[in-house]
Amino acid sequence: MAAAASLGAANTAVSKEVKIEIGSFDGLRSWNSVGLSRRRVDFHSVYSSTSRTNSLIRAVSTPVKQETETKRSKVEIIKEHSNFIRYPLNEELLTDTPNINESAIQLIKFHGSYQQYNRDERGGRSYSFMLRTKNPCGKVPNKLYLTMDDLADQFGIGTLRLTTRQTFQLHGVLKKNLKTVMSSIIHSMGSTLGACGDLNRNVLAPAAPFARKDYQFAQQTADNIAALLTPQSGFYYDMWVDGEKIMSAEPPEVVKARNDNSHGTNFPDSPEPIYGTQFLPRKFKIAVTVPTDNSVDLLTNDIGVVVITDADGEPQGFNLYVGGGMGRTHRLETTFPRLAEPLGYVPKEDILYAVKAIVVTQRENGRRDDRKYSRMKYLISSWGIEKFRSVVEQYYGKKFDPSRELPEWEFKSYLGWHEQGDGGLFCGLHVDSGRVGGKMKATLREIIEKYNLDVRLTPNQNIILCGIRKAWKHPITTALAQAGLLQPKYVDPLNLTAMACPAFPLCPLAITEAERGIPDILKRVRAVFEKVGLKYNESVVIRATGCPNGCARPYMAEVGFVGDGPNSYQIWLGGTPNQTSIARTFMNKVKIHDLEKVLEPLFYYWKRKRQSKESFGDFTNRVGFEMLQEWVDKWDGVVATRPTYNLRLFTDKDTYEKMDELAKLQNKTAHQLAMEVIRNYAAAQQNEKGE
């Protein structure tokens, strides 16, 4: 089945389960209060060939702007009175206190930062700030990487965090050091502008530095979309580099698309022509990719953009998907994760105008009274895709063509060594939960600095070293192995696809552990695999978050752990390895010590009742949750199976007893621990040989 059709069907199935009615938002009035006016421009004639394209299209008219007053959330009021995201943050940063007030907390998000405190500490609160960079396509120039590495040591907690949106997070920055850190990032070709807040976030694209037309076109498109939707009013540079604008020249097509107001998309004479004083109702996420490559979790984004090429590989246009999003609230069924669905096809020269039209439709109609329902997915769920498409077409000025047929999606990790296609190599490195620290951090710094490498960050919290000469492969491989950065064939398959959000101790929203808890969870899943007879090379996609906001996209996992209480998780099942199916809630309030009671029967019956090459996610969807629950409820346990390799590891009782004693401390058998030690040793030896 074609991918476009299957994705639409999958989303239809999800939407049938959750029926909601959300009150409409009747438009913005905020610009009137600051003296800005809106001009409605009707468009009833054929679109001029001088504007965008020479093709004849059907004209549509600009939507009429609503002027009715509606209830607005507290954050909307803060944005309106902020002088374009400046006040009172500018004053709060000058005070001697270690923290900032509530209004400033909301505003500093737009600058790429969150206020946090260490929740492990008792007594007072030790305030600090998390900074998040904005790196379209995950591109990190050499100078910026080295700067971030330095800043982590000088002003952070000594580690860097690779995020699920191809960016860095720097934790533990004190308020008094914010300006120094921010200005250092800006002067090193980096930015944190819009990495958080109610605006377009980092634009994803495949991180692989292939010298292929489609990949390069996808990455260039992501760069252009990011530039189009970057704030223009200068608040970021005013705050951190005293008004000095350090920006590269924008492509003329980006400037033209931003300034175009043929269909009433812009705020005339405003410092923010697209965003106005209110910006967007909530965060907005966009991903760009090529057919088959779902390394970006395309359907979890507000907008998904897919490059369409001709038979010769020349880019011709894009399929657009809309309405994806992960966040939800526990036990509030009117909030839910959602897959994006097909909107239509646009020619390549129109992509910026189409994206802008979608953003403006959300800006004008997304809810601003209740932030739980402010993402675009709820607007589309309430309106339906046909009404949404109709309104977007009015801002776009054209009708969308039908989506082009696509092949099936695949998850691509780009780990290990690959040819770039230009004579160079790139090396993708797995980083558990994206946390770079200790010897790993020092070794990466040494390699990146010594060989003057640029890097790219992946949406799966991994890192790619780019532009490596073939003569460098052996010494780099040896150095990486010595730091524990193993080639993917030597990493547990469960770890390769797992993800977790930071959660405790710094995230204020965390209910339970995620990053600190997932290593143990993965070890216990591996033990269950061995117990029920699953092979070492078999795997499932596991993702964990400390709360229901979904930062590690757990609702697309085959097994998702979502924190819903102290040391307990909601378990979601039914995602697929290629991230095209959304999971569903299977069980609530499962205590961490009871995971085996749930996982053992599920994996036991998957081993015995699956169809040929059937993934665990597909198996759970085929069998149905009622049968899965029955298996869990009636489970009496399974006798541990003998390992399929049946190797005799222990030749004397003394060695066995010592290993057994150590294994019990880690809740393992002597055999499991011995195999783990042997695997790690063999992997290190093989890596040092450059194999």
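Two helices count as roughly antiparallel when the angle between their N-to-C directions is over 145 degrees. The legends below describe a predicted model.

**Figure 1. Overview of the predicted protein****.** The protein has 691 residues, and 59% of them count as buried. Its secondary structure consists of 21 helices and 19 strands. When contacts between residues at least 6 apart in sequence are considered, 70% join residues at least 24 apart. The accessible surface amounts to about 27900 Å², and carbon and sulfur atoms contribute 50% of this area.

**Figure 2. The crossing of helix 5 and helix 6****.** Helix 5 spans residues 142-155 and helix 6 spans residues 178-187. Their axes come within 9 Å and cross at roughly 165°. Because angles over 145 degrees count as roughly antiparallel, helix 5 and helix 6 are described as roughly antiparallel to each other. The crossing of helix 5 past helix 6 is right-handed.

**Figure 3. Residues in the contact of helix 5 with helix 6****.** Helix 5 contributes Lys 143, Leu 144, Thr 147, Met 148, Leu 151 and Phe 155. These residues meet Thr 180, Val 181, Ser 184, Ile 185 and His 187 of helix 6. Sorted by class, the contact contains 6 nonpolar, 4 polar and 1 charged residues.

Figure 4. Most peptide bonds are trans. Pro 88 lies in the loop between helix 2 (74-80) and helix 3 (89-92). Pro 505 belongs to the loop between strand 15 (499-500) and helix 16 (518-532).

**Figure 5. Asp 297, a residue with a positive phi****.** Most residues other than glycine have a negative phi. Asp 297 is not a glycine, yet its phi is positive, at about 50°. The residue is located in the loop between strand 6 (286-289) and strand 7 (303-309). Asp 297 has a relative accessible area of 1% and is therefore buried, since the limit for a buried residue is under 20%.

**Figure 6. Lys 613, a residue with a positive phi****.** Lys 613, which is not a glycine, has a positive phi of about 60°. The loop that holds Lys 613 runs between helix 17 (595-609) and helix 18 (616-623). Is Lys 613 buried or exposed? Lys 613 is exposed, because its relative accessible area is 85% and exposed residues are those over 50%.

Conventions:
Residues are numbered from 1 along each chain as its sequence is written. This is a predicted model: local features need pLDDT of at least 70, side-chain atom pairs count only at pLDDT 80 or more; totals for chains, interfaces and linings use all residues. Side-chain values use heavy atoms; hydrogens and water are left out. Axes are lines fitted to C-alpha atoms, for helices over the stretch in contact, and angles run from 0 to 180 degrees between N-to-C directions. Helices (H or I, at least four residues) and strands (E, at least two) are DSSP runs, numbered from the N terminus. Angles under 35 degrees count as roughly parallel, over 145 as roughly antiparallel, 65 to 115 as roughly perpendicular and the rest as oblique. A crossing is left-handed if the near helix is turned anticlockwise from the far one by less than a right angle, and right-handed if clockwise. Contact means heavy atoms within 4.5 Å. Ala, Val, Leu, Ile, Met, Phe, Trp, Tyr, Cys and Pro count as nonpolar, Asp, Glu, Lys and Arg as charged, and the others, Gly among them, as polar. Buried means under 20% relative accessible area, exposed over 50%, partly exposed in between (1.4 Å probe, protein chains only). Accessible areas come from the Shrake-Rupley method with a 1.4 Å probe; for residues, only the protein chains shown count as cover.
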